[in-house]
Amino acid sequence: MATGRASGYRPTAAADASPGSSPESAIAVQTLTTAARDLIEGAFPALWVRGEVSNFKAHRNGHWYFSLKDEQAQINCVIWSSAARRIPAPPDDGMQVSALGQMTVWPVRGDLQFSVRALEAAGDGLWRKALEQTRARLEKDGLLDPSRKRPLPTFPRRIAVITSPDGAAMHDIITVTRTRSADVELVIIPAKVQGEGAPESLVAALAQLGQWGGADLLIIGRGGGSREDLWAFNDERVARALAACAIPTVSAVGHETDISMCDLVADVRAATPSAAAELAVPSRRELVARVDALAKRLATAATRREERAVSALNQVRKRLGMAAQRVVERRYSQLERLAGQLDALSPLNTLARGFAVARTPGGATLSSREQFVPGTAFDLWLRDGIVAATANAVRTLPDSQNSADRMRSATPNTPLS
């Protein structure tokens, strides 16, 4: 025994049978780390741990590595790619988070680590970060530009609806559409709207709609739910597929207070699926009421226009009458003036002033002395009668200067024979 102690402790034969109890029964490193992993995982169930993120690294294979620490200790953490896809955004260094996971040992390196399944930041840090990053990328590509917004068709004949066939949203849309107009055809393109695979399902439904090309309008959405339930409509792939849709789109995701990326890229955002149907489908009753109101407005406008036209016509008639009266008065004044001028030039007026006109018995006027010879018979026309006369002699006026005076001083009724 003394010799045995000098050379080192040797277990008994019974102990020699257990693995690792002697150099001959030494176990492999993998066996030890695997046993440690099983022991630790069995001792620690899944639990939430709160701490500060440090030394975050995202590996190209999709795994995330970081440390979770507080003022007195830290633990290495890993989020495998399958779990990372369910987290909205990677955490930032210094961010306070709560991580759901399980203590384990990584056999490859023998490291004690915390395998994280879910991660939540204080408040809505990770969700807000994911939204901000997605929005920045969409805005950079111009997909949030208001100038992209297209008007909805006034009278759509066929409306495509992308939603869950089992959700309340589809029933609400059908009910509202049938109430407002029975002529609109609804085509349901089923898609998964929450959970694993929902973004891929929505993108596939949008691709199916594009290949079909038979709708005038698209409504995409779902009813209310938690932030996690609505998250598929914040997926960048879904938002880009919706922005690329060839027909006008209406997004109706959740309740009135919920705003998703699909709401931002769609042509119109509706507060609820029912509101989306009201926006997309014109109400027959409302259309009839609008037509009646327009008819009344047109009749009133026509009556007012007719009244204005009659009033204007009366004013024009009045102005034309006044203008015609002024024209007549001016013409009458002109006629009076011309009549006065003609009257002044009238031979009768000339005769009235003491002049006489010599005429042959046949009525021809004798205006020159060459037409008279002694013994010529003629008629002398006076103001108030005709005198039969005979020329005794024909004389020449002394001169033209005195002829006018002599004519003025001559006695009007002086006989010429």
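At what angle do helix H5 and helix H10 pack, and how far apart are their axes?

**Entry 1: the model.** I am working from a predicted model, in which local features need pLDDT of at least 70, side-chain atom pairs count only at pLDDT 80 or more, and totals for chains, interfaces and linings use all residues. Residues are numbered from 1 along each chain as its sequence is written, and side-chain values use heavy atoms, with hydrogens and water left out.

**Entry 2: H5 and H10.** I looked up helix H5 (residues 168–180) and helix H10 (residues 273–280) and found an angle of about 30° with the axes 8 Å apart. Because of that angle, H5 is roughly parallel to H10 (under 35 degrees is roughly parallel, over 145 roughly antiparallel, 65 to 115 roughly perpendicular, the rest oblique). Axes here are lines fitted to C-alpha atoms, for helices over the stretch in contact, and angles run from 0 to 180 degrees between N-to-C directions. Helices (H or I, at least four residues) and strands (E, at least two) are DSSP runs numbered from the N terminus. I noted the crossing of H5 and H10 as right-handed, that is, with the near helix turned clockwise from the far one by less than a right angle. On the H5 side I listed Ala 169, Asp 172, Ile 173, Val 176, Thr 177 and Arg 180, which meet Pro 273, Ser 274, Ala 277 and Glu 278 of H10; contact means heavy atoms within 4.5 Å. By class, this contact has 5 nonpolar, 2 polar and 3 charged residues (Ala, Val, Leu, Ile, Met, Phe, Trp, Tyr, Cys and Pro are nonpolar, Asp, Glu, Lys and Arg charged, the others, Gly among them, polar).

**Entry 3: H4 and H8.** I then took helix H4 (residues 125–140) and H8, whose axes come within 10 Å and cross at roughly 30°. H4 is therefore roughly parallel to H8. H4 passes H8 in a right-handed crossing. Thr 134, Arg 137 and Leu 138 of H4 make the contact with Glu 236, Ala 239 and Arg 240 of H8. I recorded the classes as 2 nonpolar, 1 polar and 3 charged.

**Entry 4: Phe 233.** I located Phe 233 in the loop between helix H7 (227–230) and helix H8 (236–243). Phe 233 is buried, at a relative accessible area of 0% (buried is under 20%, exposed over 50%, partly exposed in between, with a 1.4 Å probe and protein chains only). Leaving out residues up to four places away in sequence, its contacts include Val 193, Leu 202, Ile 220 and Met 261.

**Entry 5: His 63.** I placed His 63 in the loop between strand E1 (47–58) and strand E2 (64–69). His 63 is buried, with a relative accessible area of 16%.
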